[in-house]
Every structure is written in C-alpha cells, then in structure tokens.
Amino acid sequence: MPPTIPDKQWAQVIEKKGGPPVYKQIPVPKPGPDEVLVNIKYTGVCHTDLHAMNGDWPLPLKMPLVGGHEGAGVVVAKGELAKGIEVGDHAGIKWLNGSCLSCEFCKTADEPLCAEQQLSGYTVDGTFQQYAIGKAAHVSKLPEEVPLDAVAPILCAGITVYKGLKESGARPGQTVAIVGAGGGLGSLAQQYAKAMGLRVLAIDGGDEKRAMCEKLGAETFIDFTKTKDIVADVKAATPGGLGAHAVLLLAVSEKPFQQACDYVRSRGSIVAIGMPANAFVKAPVFETVVKMINIKGSYVGNRQDGVEAVDFFARGLIHAPFKVAPLEDLPKIFELMQQGKIAGRYVLEIPQ
Ligand code: 8ID
Ligand code: ZN
C-alpha cells in the first residue's frame, strides 16, 4: 500500500523580507520526474535560514518561501526518473537541493559550484513543512537505524564542517581553532575534528557554551567576550606558542574574519565558512606572504562528502547536543538565534 499523501499540510512560510515566518496550511507539492517527495519528521534550524529571512546575502531568493535545509524523513513518492532511492527509504534534504549534473563543476564533484544549483529553503521551498521535494540525485539516503532527530543537523552543519576540516588540510595531532564553536556548526565541528584526530581550541562566548565545548572535547575554550587579547590567548594555547594549524571561521560576525591571520601559525590555513552580512575577510599582505598563510572559503559539500559525514555519524563518532521544539516555535528560535543564545542546534519536530 503506497502511503496516503494529503492535499494540504502545515508549513512555516516567510511572506516578506524580514519575516516573521507564518504558520499556515499550504498545498502539498508534487514531485517532478527526477524528484522525490519526503515526509519530513525533523529539521534542524541553521543560521542560514535566518540570513535568508533577513535577506542578508547578495543572492536572490524565492518569495513566499518555506525555509529549512536540514530535513530528515521518509520518501513517500517519487518521479519515474528518480533513481537510487525508493518509497519507504529514510532520506535527508540538504542545502543543495539540485544541480545540473552536467557542467564542469558537477562532473568534477564540485556540485555546490554549479551555476544552475537549486537551494533548499532559499531558491526552492525547504524543510519547514510536512512534505518537501528534493532531486533524487541529491537527497541523502539515510541508514534506517540512524535516529532522524539527531541526524538532521548533520545534513547541513555536519557536512559543512566536515568538508571545511578536510579543506583546511590539518592533519591528525594538529590544532584547529574553531571560531563560533558554541553554535550549531561549531558544536559539530568539534566532534568531527576530534573524530579526525585533530586537537580542538574552541572560541565563543558565555558559560553555557564554555561548558558545552569542554564536554565536546575542546582542550581549550577562549571566551571572546571576556579575553583582553585573543591573539595572545590562542598562541599561548598552542604547542610552542606558534598559533593554530588551521582556523575554521564559523562565527556570524566580521571581527574574527579580520583577526584570524594574527593567530594562525605560519603555513597554516584559514577557512571561511560563516557568512555574516556585508562582511569582508581582511589580512595584511605582508604577514600573508611571509607566513605563507592559506586563506580560503568552503561551501557545504558534494554528494560524497554527504555520504561520509553521515557515515561518521552512523558509526557513533558524532554526538552534539540539540534541543527539540515543535515546528510552530520557529519564530521563537529565530529570536534566540539572533541574540546568540543557542548552544548547539535546535531541531524542529514536524507534526505528522
Ligand atoms: O557552506 C557554508 N559555508 C555554510 C553552511 C552552513 C552555514 C555556512 N553557514 C553559515 C551560516 O549561514 C552562518 O553564517 O555559518 C554561520 C554559522 O551558522 P550556525 O552555526 O548555524 O550559527 P549559530 O548557531 O548562530 O552559531 C554562531 C556562533 O558564532 C558565535 C556565536 O556566539 C554563536 O555561537 N560568535 C559570534 I555571532 N561572534 C563570535 C566571535 N567574535 C562568535 N564566536 C567567536 N568569536
Ligand atoms: Zn545550513
């Protein structure tokens, strides 16, 4: 018996720039030939969803918009060309909802760079609804034994930090400074870093985030709201006082993007991942040259990064704290996020 799919569903809909999201009933979408329809059970709330609502980025978005791109659920329908995934499979919908699969970037496993990419909860409706659509080639097939609430944040935050750590080139035993360590991406970054054999230096603010980071395995926590000299503190916490081998910039503020160069070690890498509105990465040319610093960006991950990030989780290596709230509470969660008051991730439970 195929699952019964209703005509209407509950969703959080952004109707104008700046929001707030409106909780209302909208039609259930129908999957196209190369798409699947996923009955979403849980979805994470990423800071990107807040950037989208606030129109922070120079990238046009769909309006009205159903946000969300960390959706975990069950496939309930599929188009006739949808391959590799079946009705009944557990599946995740990610930020990269679809790409052309035939351009040079797609062919060389850089799908996030495809000019025709479709983005969940940004250019197409996302996962803050009961039924969401994804291109079959891009949805993540999830192992059945993996809990759908805990795995939801892996679908953006997990994949992104895992990819960012790989892009940093840091090797086992080296120290990675995670800036914004107390947030959704940061909490997962600490766990992936540890699982990859890296040593973690966490930077964020407040006692709740300090306690969480220490529990997640950070060897050092530096409170950016309290320190008098963050550069000296980072250096003092790294072997030989040389600075961090890699810096993962996950914060939603510009300052660390201009500071990292002062505390990264010579030959080290700075990886920009957080995307504060209207911000610039700035580094003195002299230090960049004579310290041979590698400054780069990292943007989500390709399909195989997704498989690997989920696999780390499925093998029990990744435990990051998350709080569960009903879909209806999204506006409250956005407020807490805006104020920087969320340690870890919020996961929304979708009514069934
Ligand atoms: O592919 C990508 N590059 C990608 C993927 C997913 C998300 C990028 N992002 C971006 C988001 O759009 C957002 O800009 O990464 C950023 C972080 O997302 P998040 O982890 O979902 O946000 P959060 O949970 O609000 O955490 C941000 C943390 O930064 C801290 C805050 O205290 C919070 O814990 N922070 C801030 I704001 N300023 C800081 C500072 N100066 C800081 N931590 C250290 N130093
Ligand atoms: Zn995200």
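Helices are DSSP runs of at least four residues (H or I), numbered from the N terminus. The structure shown is a predicted model.

**View 1. Secondary-structure elements around ligand 1.** α1 gives the most to the shell around ligand 1, contributing three residues. At least two residues of this shell come from each of α1, α5 (184-195) and β12 (199-204). Both domain 1 (8-155 + 301-349) and domain 2 (158-297) supply at least three residues to the shell.

**View 2. Residues and polar contacts at ligand 1.** Ligand 1 is surrounded by 30 residues, and the closest are H47, T48, D204, V300 and R345. Sorted by class, the shell holds 16 nonpolar, 11 polar and three charged residues. Oxygen atoms of ligand 1 lie 2.7 Å from a polar side-chain atom of H47, 2.6 Å from one of D204 and 2.9 Å from one of K209. The protein buries 92% of the 900 Å² that ligand 1 exposes when taken alone.

View 3. The zinc ion is coordinated by C46 through SG, H69 through NE2 and C156 through SG, at 2.0 to 2.2 Å. Along the chain these donors follow the spacing C-x22-H-x86-C. C46 and C156 link distant parts of the chain, 110 residues apart. C46 sits in the loop between β3 (35-44) and α1 (47-54), whereas C156 sits in the loop between α3 (148-151) and α4 (157-168).

Key. Residues are numbered from 1 along each chain as its sequence is written. Chains are lettered from A and ligands numbered from 1 in the order in which they are written. This is a predicted model: local features need pLDDT of at least 70, side-chain atom pairs count only at pLDDT 80 or more; totals for chains, interfaces and linings use all residues. Side-chain values use heavy atoms; hydrogens and water are left out. Donors are N, O and S atoms within 2.8 Å of the metal (3.2 Å for Na, K and Ca); water is not among the atoms, so sites may look incomplete. A residue is near a molecule or strand if one of its heavy atoms lies within 4 Å of it. A polar contact is a pair of N or O atoms within 3.5 Å; within protein, one must be able to donate a hydrogen and the other to accept it, and residues adjacent in sequence count only if both atoms are side-chain atoms. Accessible areas come from the Shrake-Rupley method with a 1.4 Å probe; for residues, only the protein chains shown count as cover. Ala, Val, Leu, Ile, Met, Phe, Trp, Tyr, Cys and Pro count as nonpolar, Asp, Glu, Lys and Arg as charged, and the others, Gly among them, as polar. Domain bounds come from an automatic or database domain assignment.
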